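Please read these notes with the sequence and the structure open side by side.

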Amino acid sequence: MPIAQTDFTLTAKVEAPVDRVFDLVADVTQGPRFFPNVIHADRVEEGAGEDVVRRWVLAGDQVRSWRSRRRPDRTAGLISFEHLEPGGALRGLIGQWTFRAEGERETLVELRHTIEAEGGTDALAPAADSTRAGAENQLARLKEVAEQYDELVGLEATYEASLVIKGSLADVYGYFEESERWPERIPHCLSVVRSDAGPDVQVVEMDVRVPSGAIHTTKQVRVCLPGDRIVWRQVGGLPPLDQGLFGYTSFTETPEGVLARAGQTELLKPLAVAKRGWTVDQAREHVAEVRGARNLGALRSVQEYLDRR
């Protein structure tokens, strides 16, 4: 079967210090904070001068996941990468980020891809077009985030509720993983439609009752990491104050029971905050109090459920 290959290089001038731009790419765990299509990203292996990262990304209506091996080199301003399971007709996908300072607050970024596919140019073209479009969006968002970094960080509201639950890790984890049963378990959840988008990946649409008494429809993508944590991103029905919302529930066994932590990060909308007559600090306090209390209520409902059972 014939092998076809293509490559392309994208560049962007970013009005931000080179270390900041490098870090936004190198630290994959920051992806959900700044890139709206990233559900979750984490290092699954670390070694001398390289790591393996896994990403879960929303691509249209699909959730894509892949692993890639990276070799970051801050001194040289390089991050090379190789997809370990290219998938489909792709035989290989490798690339490199290059970061070059052009002054204290300007960075030239170059993103190169080389793609190989089995089946000739007909098989290669769709994969190449999709990869290029994704790279263009990623580079444009990187420029936007790096240049507006301080403003975006100032709009974040992060909070966490925690509770030690007397029960087994399997039971506590299962309570949250079985999202289709939330209406009978979580007081403010009225209905759920769950579909599975891959191994341990759920798309959950639900109706919830908000503190005002109104009913709100939301949509989440959830990545379930058995026995450890569940991470999620809200992709539909965002609260009026938010331009982004993601979070997690983590589980740790202790001698007293399972320590469950439920945390969220919201990226506030400046205009929506101002419309309420609030400062950003006041909005941050509001969401931490109201939604943090709801998170704590969800954790308490686990203990109540286990006690009843």
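1. Glu102 is partly exposed: its relative accessible area is 31%, which lies between the 20% limit for buried and the 50% limit for exposed. The model is a predicted one. Glu102 belongs to the loop that links strand 6 and strand 7.

2. What does Glu102 touch, leaving aside its neighbours within four places in sequence? Its contacts are Lys13, Thr107 and Leu108. The side chain of Glu102 also makes a polar contact of 3.3 Å with that of Arg100. Gly92 is 10 residues away from Glu102 along the chain, and the C-alpha atoms of the two are separated by 33 Å.

3. One pairing can be followed in detail. Nine bridges join strand 3 (residues 50-59) to strand 4 (residues 62-73) in the antiparallel sense. Ala59 has Gln62, in strand 4, as its bridge partner.

4. How far apart are the end C-alpha atoms of helix 7 (residues 280-308)? They are 41 Å apart, which agrees with the 42 Å that 29 residues should span at 1.5 Å a residue. Among the buried residues of helix 7 are Val287, Arg291, Asn295, Leu299 and Val302. An α-helix has 3.6 residues a turn, so residues three or four places apart point the same way. The buried residues of helix 7 pack against strand 8 (156-165), helix 5 (169-177), strand 13 (242-254), strand 14 (257-268) and helix 6 (270-275).

5. How many disulfides does a search of the whole structure find? The search finds zero. For Cys189, the nearest cysteine sulfur is that of Cys224, 15 Å away. That distance is too far for a bond, because a disulfide needs the two sulfur atoms within 2.5 Å. Cys189 is buried, with a relative accessible area of 4%, and Cys224 is buried too, at 2%.

Methods: Residues numbered from 1 in each chain as written. Predicted model: local features only at pLDDT ≥ 70, side-chain atom pairs only at ≥ 80, totals over all residues. Heavy atoms only, no water. Helix = DSSP H or I, 4+ residues; strand = E, 2+ residues; numbered from the N terminus. Expected span 1.5 Å × (residues − 1). Buried < 20%, exposed > 50% of the residue type's maximum accessible area, 1.4 Å probe, protein only. Contact = heavy atoms within 4.5 Å. Pairing = 2+ DSSP bridges. Polar contact = N/O pair within 3.5 Å; in protein donor to acceptor, adjacent residues only side chain to side chain.
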